[in-house]
Amino acid sequence: MRIVRFLWLISILSSLLITFSATALAADKAETITLNKVQHSYSLNPYIEALADFSGKWTYNDVLLPTMSTSFQFAEGKSSFGYTSDVYWVRVSILNNSANVNWELNLKNPLMNKVEIYGLKQAAALKRNNPTFAIQLPLGQVSTIYIRSETPDTMIIPLQLTEQSTLYKSLHFEFLVFGLYYGAMLIIIICLFALYISTKNLAFIYYTFYILFYCFANYVWNGLAGAYSGNGHTTEKVGRTLLFDTPAVAYEFYFLMSVWFGCIFLKNIMAPASYLPWIDKLLRLIIWVCPVVLIATVSIYPFGMAPYLARFKGVIIILMIGVIIACAWKGNRMAKYLAIAKIPLFLGIVIPSTLLSFGVLPDNFFTHYATQFSSIGEFIITAIVVSKQLNLMRRQDEGAQLILVETLASWNMTLKETVATQTENLNRTNDELIITEAKRMELLHNISQEVRSPLNNVQESIQLLMEQIEMSPQQQERLLAKAYDKVQDINHYMDEFLELSHETNQQAALQMVMFTDWIDDIFNELALEIKESGFECETLITPFDTDVDVLIEPYLIRRVIQNLVKNARAFTPANGTIKLHASQKDKMIWISVSDTGQGIEPEQLANIFRLYPRDKEDQDSRLAVVVAKEIVERHGGDIWAESELGKGSKFYFSLPIVVAGS
């Protein structure tokens, strides 16, 4: 806030001092300046008379004519005549009452194309940064000097008369100040380049070029460019040097280059496209127009382009300030800082400098040099602000990168866990496939063993018939019936095998079933079938804690119960009892089928779910038990059997209950 107040104070004081200076000069009016023995340096502008040469063809003899002489107008202290004419004649009368004859007349405007001095017997042009002449003024006499100035730029004629004996002290001070200024600017440029190296942000490069070309423009404005911007302006019209016809062209070129890079810098640092598209388009338009104006400046500047170029520069600078204000209004923090740095300087420095160019304000220390030295403050503040903002952006980027790294690490960990889980699942599936294939091979082996015996019987019967052994018709009929029964057994085995293979390889349509109602219907239906087959049947459903759901394929589980009932009927004597029971234990459903048959021997009970026969008559029931085992295990359940010789057997299987949320 202190910096803001300081900058605003500078702008207000600059405006007040310029206004006071203009008023003071206008009040001091005299036709002849008198040199005394005390003062060693004089400003001639309060005493000059000016005459605009619109044709540019008048000679010294022409202006001496009485009709011309009376046309000179008192300048009222003015030193700037704007863009009214490319050629001006200035007249000043000097009474030398000092003790010194040798003086130097200095026109502090190095942008002049041509400056000529008349009316003195001895006047020699000197090599200075500004048009300067060594003159001799006779003591005690009035000398009238005529000065012809020519420039396509604004006509600023600040005249200074200085004793040669004291001139070098003032020149020493002036060049010391210039050295400090350009040294400070060089330090700023080096710092900006270092910031670019550290941040890799092109904004610093654009801002560096902005300052660099601004320094070049001031270098020409201060008359230090020499042969690089045109020379020889004190005696004859300057010749073309490098790219430029005149120092004025060089100054305007460098100044426009500075404005161009300033616009590129603003577009790059504020990035208005995201929140003010019309500002972005405006900056793009300015950036494209500037090179065209630069080419026109180099090509046609001497042909009356100067006033239009001055207006163009003013419009561009105002637009740049407007862009900064608009972006700041939209909440751009960088624009707010730039507004703090530039707007006070614009109000206090740029406006007075522009008014000087159009002749509204006089040429003095504030209007002539303030743009240069105030720019140091502007560049330093802007560089600091940009540096802080970019450092903040870099820290934000680093934070975002850190979050991104952490996110990627988390994703990588999740991916690793997912890959590990999928790998485990694939390994488990592979193991299951290996086990399933082993079971399939075992089943094929058992089926082949079961089928071979009836095939042998069929083969023997057919062989006996083919050998035409004498036998009675009853024996032949009995032999064919036996062969037919064995073929039926083989067909039954193959049907069971094909159905088992189908159920193992295809995923059934699982359904959510309310188990209590469903099992009650199954038990009632099977109980009726069992009683019709000549057996007694008892059913029992132990009440469950709550209504339970199971995820099953109803047809297949029905088939499991039917196969177990089929097995019980095969080994239960007539009028025996078959019991069906369903209950809940923990999170499983238990279903059992028991009989009052002969029971199973312990050594056979361990292999009951394999196709190892107990005798030749139980092949059909054993295959049904194997099918039941495959179906139950595929539903995530388990199956087992208990038996006691002489009392019967009991087969159990379990199914998982579906828990809410699973």
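Entry 1. I looked up K629 and E633 and found that their side chains meet in a salt bridge, 2.7 Å from N to O. I took a salt bridge to be a side-chain nitrogen of Lys or Arg within 4 Å of a carboxyl oxygen of Asp or Glu. Both K629 and E633 lie in helix α15 (residues 619-634), four residues apart, about one turn of the helix. Helices (H or I, at least four residues) and strands (E, at least two) are DSSP runs, numbered from the N terminus. K629 counts as buried because its relative accessibility is 18%, whereas E633, at 29%, counts as partly exposed. Here buried means under 20% relative accessible area, exposed over 50%, and partly exposed in between (1.4 Å probe, protein chains only).

Entry 2. I noted the basis of the work: this is a predicted model, in which local features need pLDDT of at least 70, side-chain atom pairs count only at pLDDT 80 or more, and totals for chains, interfaces and linings use all residues. Residues are numbered from 1 along each chain as its sequence is written, and side-chain values use heavy atoms, with hydrogens and water left out.

Entry 3. E116 lies in strand β7 (residues 114-118) and R148 in strand β10 (residues 142-150), so the pair ties together parts that are 32 residues apart in sequence. Both E116 and R148 are buried. I also found K114, E116, R148 and E150 linked in a network of salt bridges.

Entry 4. I then checked R558, which forms a salt bridge with E525, the closest N and O atoms being 2.1 Å apart. Because R558 lies in helix α13 (residues 554-570) and E525 in helix α12 (residues 515-532), the pair ties together parts that are 33 residues apart in sequence. E525 counts as partly exposed, at 33% relative accessibility.

Entry 5. I turned to the UniProt record, an unreviewed entry, which places the feature "transmembrane region" at several segments, including residues 282-304 and 310-329; such annotations may be inferred rather than shown by experiment. In the model, residues 282-304 are 83% helix and 0% strand, with end C-alpha atoms 27 Å apart. Residues 310-329 are 100% helix and 0% strand, with end C-alpha atoms 28 Å apart.
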